[in-house]
Amino acid sequence: MPIYKAPLEDVRFVLDEIVGLDKLSALPGYEDATPELVGQVLEEGAKLCEEVLFPLNQSGDGEGCHFENGEVRTPKGFKEAYTTYIEAGWQGLACDPAYGGQGLPKLVNTMLEEFICSANLSFGMYPGLSLGAYNALAMYGSDELKQRFLPKLVDGTWSGTMCLTEPHCGTDLGIIRTKAVPDEQGAFKITGTKIFISAGEHDLTGNILHLVLARLPDAPAGTRGISLFLVPKFMPDADGTPGARNGVACGSIEHKMGIKASSTCVMNFEDATGWLVGEPHKGMRAMFVMMNAARLAVGIQGLGLAEVSYQNAVNYARERLQGRSLSGVKAPDKPADPIIVHPDVRKNLLTARAFTEGARALGALTAYKLDVAEKHPDERTRRDADEFVQLMTPIVKALFTDIGFDSANIAVQVHGGHGFIWETGVEQYVRDARICQIYEGTNGIQALDLVGRKLPQDIGRLLRHFFHPVGRDIEAAMEKDELGEFVMPLAKAFAKLQQATALIAQKGLKDPEEAGAAASDYLRLFGLVALGWTWLTMVEKAQARLEAGEGNAAFFEAKIKTARFYMTKLLPQTNSLFITIAAGAKPLMELEDAAF
Ligand SMILES: Cc1cc2nc3c(=O)[nH]c(=O)nc-3n(C[C@H](O)[C@H](O)[C@H](O)COP(=O)(O)OP(=O)(O)OC[C@H]3O[C@@H](n4cnc5c(N)ncnc54)[C@H](O)[C@@H]3O)c2cc1C
């Protein structure tokens, strides 16, 4: 049986030491988010995830969703768990109090999302999609749409979807065919087919609000001709009660590799009534609000799966007895030593651990910057924070989901043959983690976003929000003897990142294929340095706490040892990444298509 305990101590360390909860509650509007309150919220959230959501994870995987007569039934226990979730107000945790939300920081919600994704990723898809729809509507919806629909999304009685993908287009949304024709009431009639729509149909809520990309009759070709519409499953009455059925129906659900308890639907729109969200032909802009938030959320899905995979791998490695330690017997009273003594098993465990804890710190920092970008009184500070988030979004999405998949794979490996068996529970994490690398823009597309958009934006201004603080922190750490062994590897890796950036900027200007060829390796190199940066800060803080004799010494010592592993065993991967980047596009492009 798989296990899960929310990593509250590590989350608390990250919130206190990497972000600084006092800075959070100093932001206007977040005065109530005191360290005590945040602690209580996270403890309650942990309980919900451990006791309500996690017990349904494996059974939900085994049972999957049911499709009968156009309706979808979620697995046993999901409806009750969802009711518990919304009745406790979790859906509106970070939403605007004007619509019934609790107005807590996005950072707190992000930490909760990690717990949910560890406990039950399929369950998390339903509230996650609703939050995405809330974000897009809150930013681009008319006042009337907001008043009418946001309170229902916030209290969770209605849910949301994002309907982008069509059978012939996923990455290239410029070629979508779904049509929107104005009607006489000032609304629109939407017709078309969307596929792979998460939470498109289910039995958890009384209504479903679809945010749909479609083309108006006079739309220019490509992404400049896409508009966004809100299409409810049931047309609400004036008082908000779901009334007549709208022209949207689920045609079928997919039978898929993972997240089996999350419904993935073909949605058919036939003259469905919808309302424009934002301006005509500017739908991509509104959808990007939803997509950017969703990309960060998918990164957190990767983090959640990495954490639960790590916990199960460690648990098994402590119990499983095989062979004897190379340095002499460790458990003489037992027929063999636990496999945790073997260097190769430890390498697997530490890889998952170091990536997971580093990602948690970087994820928390990015979520904090989201809060600063929204709430800080100083405009320049808000802009800088927003630009940091823009830069980090593809990295969080792609790096964290790779980490989630790799850690799940590690958990299977540590379990040996038992890892391959369904009952053990960890092979589910591999299957569930795989989709995170694909949806919300594949990881390859995230890498292109990083090199094609984020790098050159405003002549490298976004980059400076990362390069400057990292450079400053390295310089300061060089002055401290006790940080020497940690800062030297980071300084070398950072130099490689700077060289790679200059190389791509130079070559990519002349030939975009050079930038495209380097993109994935560059994102990985960037991500490894970013995690190294957070590890340097964590070491410094852990050393300080140890010196002051505060808190749990074993926890801080483990932090320092894990940092040593990261800096010496994982961060040097940046060297080989640099070499492959420097090899350029030719080795990828010279083989003729026909010769493949
Ligand atoms: C379980 C599940 C849930 C989903 N949920 C939703 C949802 O709720 N709403 C929704 O709208 N969609 C959803 N999707 C769709 C998902 O977002 C798409 O599958 C994804 O964006 C990729 O699109 P595609 O499958 O058409 O692949 P394609 O776009 O055909 O890509 C195929 C491959 O080619 C690569 N590629 C494509 N174009 C380029 C390029 N220009 N440069 C380099 N490489 C390129 C891609 O990286 C990929 O490896 C979901 C999919 C699944 C499987």
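Author: Let's begin with E374 and K106, whose side chains meet in a salt bridge, with 2.5 Å from N to O. The term means a side-chain nitrogen of Lys or Arg within 4 Å of a carboxyl oxygen of Asp or Glu. E374 lies in helix 9 (residues 343-375) and K106 in helix 6 (residues 106-140), so this pair ties together parts that are 268 residues apart in sequence. Helices here are DSSP runs of H or I with at least four residues, strands are runs of E with at least two, and both are numbered from the N terminus. E374 is partly exposed at 44% relative accessibility, and K106 is partly exposed too, with a relative accessible area of 22%. For these words, buried is under 20% relative accessible area, exposed is over 50%, and partly exposed is in between, with a 1.4 Å probe and protein chains only.

Please keep in mind that this is a predicted model, where local features need pLDDT of at least 70 and side-chain atom pairs count only at pLDDT 80 or more, while totals for chains, interfaces and linings use all residues. Residues are numbered from 1 along each chain as its sequence is written, and side-chain values use heavy atoms, leaving out hydrogens and water.

Leaving aside residues up to four places away in sequence, S122 touches F78, I259, K260, A261 and S262, where contact means heavy atoms within 4.5 Å.

You can look at F466 as an example: not counting residues up to four places away in sequence, F466 touches L391, M392, L497, F526, V529, A530 and W533.

Let's come back to charged pairs. The structure holds 31 salt bridges. In one of them, the side chains of D10 and K559 meet at 2.6 Å, N to O. D10 lies in helix 1 (residues 8-19) and K559 in helix 16 (residues 553-570), so the pair links parts that are 549 residues apart in sequence. Both D10 and K559 are buried.

Helix 1 takes part in another pairing as well. E17 forms a salt bridge with R545, where the closest N and O atoms are 2.3 Å apart. E17 lies in helix 1 and R545 in helix 15 (residues 512-547), so these two tie together parts 528 residues apart in sequence. At 15% relative accessibility, E17 counts as buried, whereas R545 is partly exposed, with a relative accessible area of 21%.
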